[in-house]
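Me: I would like to learn how to read helix packing and nonpolar cores in a model. Where do we begin?

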Amino acid sequence: MRVDKVHIKSQFKNLFDFKINIDEKSWETVLLGLNATGKSNFLEALVIIFRDLDLIYNHNRKIEKHQFDYYIKYECRGNNIEVTLLDGEYKFVVNEKVETTSVTKNIEHYLPKHVFIYYSGISDRLTDLYIPHQKLYYEEIIKSGAKVDKFDKIRRIFLAQNIHASFALIAFYMFKDQEEETIKFLKDELKILDFGSALFMLKEPEWAKSRKDKNAEFWGAKGLVRDFLNDVLRFSFAPIQHKARLDVSYKKAETQDRLYLYLRDKQTFSDLIEFKYKNKIALFNALESIHISDMLHDVKIKVKKEGVDGELAMSELSEGEKQLLTVLGLLKFTKDEESLILLDEPDTHLNPMWKWKYLDYLDKVVKRKENTQIIFCSHDPLVIGNLKKNQVQIFKKNTEGKTEAFNPYMSPREMSVSKILTSELFGIPSLMSKKLEDLLNQKRFLQAKISKGELDEDDKIKFERLKKYFDRIGFNDDTADSRYNQFLKLTSENKAYLDRKYTKEEAEELDSIAKEVLDEILKEEKGE
């Protein structure tokens, strides 16, 4: 699965007539740009495209109103597929041949096996997109009589949420013989040594509050979730059921049924798994069924962690630890062939070392398939430092306010972190604070006046004060590059360099001055 080209023709949020050409040969593509340039909106658009195709042609669901017209070209299962949606009508071209019923009747063959979504923000923007697809799964696990054997695959559209970190951790440790590299990663990077215990805190779901049988087991749930909870109840230690009075808002309280099921150690959980669950995917789906069914208030997982006496609750892990575990853990389950992975700032809470290793983690820990594509947004130079320019898309608004996407002039892997920050990739004017650079420019300007004998008493006082300040903080103008030192000296003589410049015109003026200075240096070296 590789997305190649996308053209969002009609208005979708702040994207209009938006075109992007992604290198379909690359495993990963990073989207860079200022906030509000449309990076996250583009990821949303991809979710909507594949979600609706799956709902309409795989599940026979009607879409009341399509959100935007588009054209998309992608490769999937050896086919070059082009889909156009215009005024509510779909057009399919497969391997340059117009197709109709052959595609719609076999849509499974033309869609990614999984679309994995992760959003690190605090809003529910991607959650809202996910609801129509999640409803299908909800109906299956609650209303149908389907047992665990039916749920042997991860569903197509999958939104990663914080609760999944606990589910992933359980599934890994219960099948340790299959996940040696993951267990090593948990030990080396997160210092998690082993699984401890699990407490499932269940609540009466909203859908059950109108039921006639108030004493029904598990509030009348059926299907997979009831099957799994029966198993957990069988192996739990001293289950507790009671009614809790809870504040649901600052002005409202309600009485809620609660059920607590405690699996007190790893061996107990292992016994439960061996009883019915053949692999980690079956177990993961069973665990998630409690969450999807609105029956899970919380799950308290305890782990054995290096340097900690006893066990440590998952809730006590740092935000970075939970973020890394959530994304990498879930990708282990959704790493199948022909998948599309969309990550919106998956590095926000990671420390610098983890950011630097992030793409290596995706390769070595997840072991993704070669025909799986990752598209992610980031604001961190450490994460993208090993990418080529064809793997980077810069989102930027043009003079008309329309977002454009393009590859950078240089590859991040050819630059240092500091250069990445000041390049077109991030566009930061300076690595120094604005205040420090202003002071440095003042000092350089006064220093140039000294060499010409033009410094008056007030300027001398200012210069000495600035010199003492920079000496105190250990800042030195000189470098090992004599030509650069000469360049600094000559540019400092021009008053235009006294203040920071931000506008395009001012920047061009400074570039012109710099070129003149460089010409003077070269002439001096040639003895002209």
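Reply: Start with the elements. Helices, of at least four residues, and strands, of at least two, are DSSP runs numbered from the N terminus. This is a predicted model. Its protein chain has 16 helices and 18 strands.

Me: What share of the 528 residues in the protein chain is buried?

Reply: Buried residues make up 49%. As for contacts with a separation of 6 or more, 70% join residues 24 or more positions apart.

Me: How do I read a helix pair, say H4 and H8?

Reply: Take the axes, then the angle. Angles over 145 degrees count as roughly antiparallel. Helix H4 spans residues 163–174 and helix H8 residues 280–292; their axes come within 9 Å and cross at roughly 150°. H4 is therefore roughly antiparallel to H8. The crossing is right-handed.

Me: Which residues in H4 and H8 meet?

Reply: From H4, they include Phe167, Ile170, Ala171 and Met174; among the H8 partners are Leu283, Phe284 and Leu287. By class, this contact has nine nonpolar, two polar and two charged residues.

Me: Why look for nonpolar side chains buried together?

Reply: In soluble globular proteins, they tend to be buried that way. Here, the largest nonpolar core has 85 residues. Phe200, Phe269 and Leu283 have the most contacts inside it. H4 gives the largest share of this core, eight residues.

Me: What is leucine 283 in contact with, leaving aside neighbours within four places in sequence?

Reply: Ile170, Ala171, Met174, Phe175, Phe228, Ile273 and Tyr277. A second, separate core has 48 residues, including Leu46, Ile48, Phe50 and Leu126.

How values were computed
Residues are numbered from 1 along each chain as its sequence is written. This is a predicted model: local features need pLDDT of at least 70, side-chain atom pairs count only at pLDDT 80 or more; totals for chains, interfaces and linings use all residues. Side-chain values use heavy atoms; hydrogens and water are left out. Axes are lines fitted to C-alpha atoms, for helices over the stretch in contact, and angles run from 0 to 180 degrees between N-to-C directions. Angles under 35 degrees count as roughly parallel, over 145 as roughly antiparallel, 65 to 115 as roughly perpendicular and the rest as oblique. A crossing is left-handed if the near helix is turned anticlockwise from the far one by less than a right angle, and right-handed if clockwise. Contact means heavy atoms within 4.5 Å. Ala, Val, Leu, Ile, Met, Phe, Trp, Tyr, Cys and Pro count as nonpolar, Asp, Glu, Lys and Arg as charged, and the others, Gly among them, as polar. A nonpolar core is a set of buried Ala, Val, Leu, Ile, Met, Phe, Trp, Tyr and Cys residues joined through side-chain atoms within 4.5 Å. Buried means under 20% relative accessible area, exposed over 50%, partly exposed in between (1.4 Å probe, protein chains only).
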